[in-house]
Amino acid sequence: MLVLLALPPLVIALGQPFYLDLVRRIMILAIAAVSLNLILGYGGLVSFGHAAYLGIGAYAVGILGFYGVTNGWIQWAVAITASALVALAIGAVSIRTSGIYFIMITLAFTQMLYYLGISIAEFGGDDGMRLNAKSQFAGLVDLNDPVAFYYVVLLLMLLAVFLTYKIVKSRFGMVLRATKSNEARSRAIGFSPYPYRLAAFVIAGAMCGLAGALYANHTNYITPGLMSWQQSGDIMFMVILGGMASTAGPVLGAFALLLVEDLLSGWTQHWQVILGPLLILSVIFFRRGLAGVLYKPDA
Amino acid sequence: MTFALLFEQLLNGLQFGVMLFLMAAGLTLVFGIMNFINLAHGSLYMVGAYLAVAATQWTGSYVLGVVLGLAGTLVVGMIVEVVALRTLYERDHLDQVLATFGLILFFNELVAIIWGRAALFASGPAWLQGQIDLFTGSRYPLYRAAIILVGLVTAIILWYVVTRTRLGMLIRAGASNRTMVAALGVNIRLLYTVVFGFGAALAGLAGLMAGPIYNVQPGMGELILIQVFVVIVIGGIGSIRGALVGAIIVGIADTLGRAFLKPLLGTLISPPAAESAGPALASMLIYLLMAAVLAFRPQGLFPARGG
């Protein structure tokens with residue numbers, strides 16, 4: 001926490017602004033991981049399609065920018081709303097199923113959006129689209145300033161963790177966790193899981209949509225690759241690696257996974273051949289995640 | 001749109017459908033029996049394609065290449081099962097998904113290290129190069145016709161093995177009660193390894209037949225894998241009959257959509273609008289189909305009944 005706060009002055013003093021960029025990217029994806037954890041860790045919904053909302057949030061910013069709307073409040077509000085609506089549609093169909101079906105269906109729908117992104121030539125198709133100007137927050141903050149943008153992302157990440165914590169501790173979160181641990185019993189005491197799961201699914205989608213809007217501003221470039229299944233898998237791994245069922249765990253997971261990725265890719269071009277088996281080993285032997293090692297899970 | 005063109009596209013759909021079936025059969029068999037979800041099934045498809053290309057170049061004979069490719073995929077599948085996946089049968093699906101996701105990264109990169117990232121050129125044998133006459137004015141590539149034939153024959157063999165042989169009986173028994181089968185003196189671990197190997201070989205068969213039609217490149221397996229998921233969701237998981245029906249529906253719907261949706265839309269809305277909406281809708285068609293099936297039958301068209 002303190003390290004993150006102190007990082008910008010430090011790296012600038014050291015003349016290594018690259019790390020500012022890296023950590024900002026990690027924190028943006030950490031928001032996505034935190035949002036996935038709400039449905040995965042607490043709701044037991046194994047969504048393999050969370051990258052969809054990352055893409056929708058990013059494309060919302062990109063498409064509005066394309067038509068000349070650069071007001072950040074409007075862009076981000078549209079990103080969040082659009083992601084929530086898509087999550088509502090996908091969730092309404094997929095939450096009717098469970099287990100393995102749910103995994104495959106969320107994956108398939110995300111793949112559908114991915115192909116949609118590829119086939120719409122107007123917005124760049126396969127090549128992606130350039131963001132001409134970052135979201136404008138006149139007078140408040142200038143995202144072109146890397147340090148200011150860094151603190152905006154940090155603040156939003158902390159807000160996302162805090163919000164998830166509040167949701168999980170609320171009555172709503174209690175029901176959500178109950179439907180995960182024992183669906184039959186929660187039905188018996190009068191809670192139908194469907195509306196609670198769907199609501200959580202939509203909240204998670206909206207939060208991830210914000211991460212997408214941030215990501216578009218981070219890279220200034222939006223490609224359908226943001227919605228690819230590898231991206232979904234990455235986000236999922238951050239959650240598992242960090243430890244499910246602890247609100248801050250996914251943040252740790254995002255840092256661990258992306259730093260290892262960065263380290264390996266600096267070392268060899270074929271870093272995935274090492275990362276793959278590392279991931280398998282972490283699944284087999286490292287079941288409680290990083291958060292489980294560092295402190296007792298708060299759920 | 002002439003009848004001959006429609007017929008040809010229907011055959012193309014059937015050809016794509018039987019390839020999807022070969023993939024779906026292995027995946028659904030492994031899922032139905034071991035309750036294991038294998039994302040790396042697409043990697044085995046890729047491994048099959050690469051091994052067949054390499055073996056064909058090495059031996060100079062297509063038939064030997066196919067045989068070695070199939071055997072190689074079978075062995076790779078069994079090794080993966082014994083080394084990495086065996087410990088995961090008792091875990092929940094989430095762990096299985098993540099571990100096999102790791103396997104995908106590993107295989108894609110390994111293939112890129114050995115054969116490079118660029119697509120490889122694979123060709124069918126000379127004796128399958130020609131065209132066959134279907135009826136007056138309509139010809140069809142022999143190679144694609146052969147794929148349809150191989151796929152349908154494999155489907156029949158699979159049906160025979162699962163329902164009529166001792167091995168099939170053990171497989172079905174293992175699916176319904178693992179502990180009981182083990183108690184009766186069957187080596188269930190070996191059985192699982194064998195089933196996994198066969199599933200891998202089926203994926204390898206699909207991959208090596210796909211080689212001359214589609215590109216042989218790293219990541220080729222994942223494109224088809226997700227379509228195979230759609231097949232399984234539509235057909236009903238764990239059911240081989242469902243996999244066959246689902247595969248043919250998806251194969252034909254996808255092929256016809258890509259061929260005819262754009263001209264069809266052009267008659268309804270303005271041609272420029274159809275120009276961009278057609279391909280977009282065509283690539284989304286099978287997913288919309290899946291959503292429609294789920295809305296009416298959440299368990300798929302043919303829910304598994306132990307076979």
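This is a predicted model: local features need pLDDT of at least 70, side-chain atom pairs count only at pLDDT 80 or more; totals for chains, interfaces and linings use all residues.
**View 1. Overall build of chain A.** Chain A holds 13 helices and 2 strands. Its C-alpha trace spans about 55 × 40 × 40 Å along the principal axes. Buried residues account for 52% of the 299 residues. Of the contacts between residues at least 6 apart in sequence, 78% join residues at least 24 apart.

**View 2. The side of chain A that touches chain B.** Here 37 residues of chain A are in contact with 38 residues of chain B. Three elements of chain A each give two or more residues to this side: α5 (99–119), α10 (229–242) and α12 (272–285). Helix α5(A) supplies the largest share, 14 residues. By class, this side of chain A has 27 nonpolar, 8 polar and 2 charged residues.

**View 3. Helix α4 against helix α9 in chain A.** Helix α4 (residues 72–94) and helix α9 (residues 193–219) of chain A pack at an angle of about 145 degrees. Their axes are 7 Å apart. The crossing of α4(A) and α9(A) is right-handed. On the α4(A) side, the contact residues include Q75(A), W76(A), A79(A), I80(A), S83(A), V86(A), A87(A), L88(A) and G91(A). On the α9(A) side they include L198(A), F201(A), V202(A), G205(A), C208(A), G209(A), L210(A) and G212(A). The residues of this contact divide into 16 nonpolar, 6 polar and no charged.

**View 4. Helix α7 against helix α9 in chain A.** Helix α7 (residues 171–181) of chain A packs on α9(A) at an angle of about 115 degrees, with the axes 10 Å apart. That makes the two helices roughly perpendicular. The crossing of α7(A) with α9(A) is left-handed. From α7(A) come F172(A), V175(A), L176(A) and T179(A). From α9(A) come P193(A), Y196(A), R197(A) and A200(A). The residues of this contact divide into 6 nonpolar, 1 polar and 1 charged.

View 5. N220(A) sits in the loop between α9 and β2 (221–222) of chain A. Its phi is near 60 degrees, a positive value in a residue other than glycine. Most residues other than glycine have a negative phi. N220(A) has 13 C-beta neighbours inside 10 Å, so N220(A) counts as partly exposed.

**View 6. Helices α5 and α6 of chain B.** Helix α5 (residues 142–164) and helix α6 (residues 166–176) of chain B cross at roughly 70 degrees. Their axes come within 5 Å. The pair α5(B) and α6(B) is therefore roughly perpendicular. V161(B), V162(B), T163(B) and R164(B) of α5(B) meet L167(B), G168(B), I171(B) and R172(B) of α6(B). By class, this contact has 4 nonpolar, 2 polar and 2 charged residues.

**View 7. Asparagine in a loop of chain B.** N35(B) lies in the loop between α1 (3–34) and α2 (41–59) of chain B. Phi of N35(B) is near 55 degrees, a positive value in a residue other than glycine. N35(B) has 17 other C-beta atoms within 10 Å and is partly exposed.

Key
Residues are numbered from 1 along each chain as its sequence is written. Chains are lettered from A and ligands numbered from 1 in the order in which they are written. Two residues are in contact if their C-beta atoms, placed from the backbone, lie within 7 Å. Helices (H or I, at least four residues) and strands (E, at least two) are DSSP runs, numbered from the N terminus. Ala, Val, Leu, Ile, Met, Phe, Trp, Tyr, Cys and Pro count as nonpolar, Asp, Glu, Lys and Arg as charged, and the others, Gly among them, as polar. A residue is buried if 20 or more other C-beta atoms lie within 10 Å of its own, exposed if 12 or fewer, and partly exposed in between; C-beta atoms are placed from the backbone. Axes are lines fitted to C-alpha atoms, for helices over the stretch in contact, and angles run from 0 to 180 degrees between N-to-C directions. A crossing is left-handed if the near helix is turned anticlockwise from the far one by less than a right angle, and right-handed if clockwise. Angles under 35 degrees count as roughly parallel, over 145 as roughly antiparallel, 65 to 115 as roughly perpendicular and the rest as oblique.
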